[in-house]
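Look over the model before reading on.

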Amino acid sequence: MLERRPSSHDDLVDHLVRTTPLHRGEAARVVLDVLAYFDETIEEYVRRRHRELQSRGLTNPVIFERISQELPHRAVAPPQLSLRQLRRLVYG
């Protein structure tokens, strides 16, 4: 029988299982998804959000303004980036 190796997030998974209707496997996937979301670099976040907002039909001026407003609300807020810096992250 294979022994399950404890992860560094078992306490969080246990908490989710106790406090939500999630099963252990589902709770573990949620934790991994959240960690991946917050592990995203500024550059990855800006590029992803640009693609998402562009797919909704928004124009670049609106997109870059919205991203600029969103960045300070990230879990670990990055330094303030100008609209020009945001454009450079997307287009190089």
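Glu40 sits in the loop that links helix H2 (24–38) to helix H3 (42–55); helices are DSSP runs (H or I, at least four residues), numbered from the N terminus. The model is predicted: local features need pLDDT of at least 70 and side-chain atom pairs pLDDT 80 or more, while totals for chains, interfaces and linings use all residues. Numbering starts from 1 along each chain as its sequence is written, and side-chain values use heavy atoms, without hydrogens and water.

Glu40 touches Tyr45, Arg48 and Arg74, leaving aside residues up to four places away in sequence. Contact means heavy atoms within 4.5 Å. Arg74 also lies over the face of Tyr37, 4.7 Å from the ring centre (CZ of Arg or NZ of Lys within 6 Å of the centre and within 35 degrees of the ring normal).

The structure holds one aromatic pair. Ring centres of Tyr37 and Phe38 are 5.0 Å apart with planes at 85°, so the pair is edge-to-face (centres within 6.5 Å, planes over 60 degrees apart).

Accessibility is listed here, with buried under 20%, exposed over 50% and partly exposed in between (1.4 Å probe, protein chains only).

| Residue | Relative accessibility | Class |
|---|---|---|
| Tyr37 | 39% | partly exposed |
| Phe38 | 46% | partly exposed |
| Glu40 | 18% | buried |

Elsewhere, the axes of H4 (residues 60–70) and H5 (residues 83–91) come within 10 Å and cross at roughly 110°. Axes are lines fitted to C-alpha atoms over the stretch in contact, with angles from 0 to 180 degrees between N-to-C directions. H4 is therefore roughly perpendicular to H5 (65 to 115 degrees).

How values were computed. Rings of Phe, Tyr and Trp (its six-membered ring) pair if their centres lie within 6.5 Å; planes under 30 degrees apart count as stacked, over 60 as edge-to-face and the rest as tilted. Helices (H or I, at least four residues) and strands (E, at least two) are DSSP runs, numbered from the N terminus. Angles under 35 degrees count as roughly parallel, over 145 as roughly antiparallel, 65 to 115 as roughly perpendicular and the rest as oblique.
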